[in-house]
Amino acid sequence: MRLSNRIIDLGSIGLIIVPLEDSSLNVIKLKVYERENFFANPIPDINQTQIAEFSSSASSFSEAVEEIQELYNGWAKIDKSETTTIIGIHNQNPNVLYIQFSHGERYYTYKRCLTLSKEMIYEELFGKPHSVSRRSLNHEDEQYLISKLRFMPKSKNAISFYSYKPQKRAKRHFFFSSSS
């Protein structure tokens, strides 16, 4: 199956999946982009604006695409006029801080890891199977929510105890394999 020129459009939500073959490993990388961000620079090896990246074996490519479609069904940019509410701050592990919060009607988890010097936010999707219960945000929305958390008194204090020098935006990376 030749995938190098294939782009899978996810319709009205404005996202696309771009598959990249690695024939030496028999692995297919699936990068999820906002449509306009991809076509501004349509070379996936250079364009690093993807929302998420997944890996799949060639034999489970179709299942991986279906799971990604299910994961991003209903995806939308955040509405910046909505309010943000802290639900809980969890720091059982001294190297990882989790902050659960809502923004409007949607729920998110902020994760700050000291050992990897990374922070990220993902949206919680309740009522979905575990493999598709969390989805990444686009960079702009993620940075907006991180900034918002940094200025809320409770989360600001928690984040200050987990200081590090941020290096790079964390990307979620999954591997799909055939279940047979």
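**A helix over an antiparallel sheet**

Helix H3 (residues 139-150) lies across S5, strand S6 (96-103), strand S7 (106-113) and S8, and it runs at about 105° to S8. Contact here means heavy atoms within 4.5 Å; axes are lines fitted to C-alpha atoms, for helices over the stretch in contact, with angles from 0 to 180 degrees between N-to-C directions. Helices (H or I, at least four residues) and strands (E, at least two) are DSSP runs, numbered from the N terminus. The model is a predicted one, so local features need pLDDT of at least 70 and side-chain atom pairs pLDDT 80 or more, while totals for chains, interfaces and linings use all residues. Residues are numbered from 1 along each chain as its sequence is written, and side-chain values use heavy atoms, leaving out hydrogens and water.

As for the sheet itself, five strands make up an open, antiparallel arrangement in the order S5-S6-S7-S8-S9; strands count as paired if DSSP finds at least two bridges between them. Strand S5 (84-90) and strand S9 (134-136) sit at the edges, each pairing on one side only. On average, neighbouring strands are turned by 30° against each other, direction ignored. Strand S8 (residues 118-124) is joined to S9 by three bridges, and tyrosine 122 stands opposite serine 136 in S9.

Serine 117, in the loop between S7 and S8, has a positive phi of about 55° despite not being a glycine. With 15% relative accessibility, serine 117 counts as buried (under 20% relative accessible area; exposed is over 50%, partly exposed in between, with a 1.4 Å probe and protein chains only). Serine 57, in strand S4 (residues 52-57), is buried too, at 14%.
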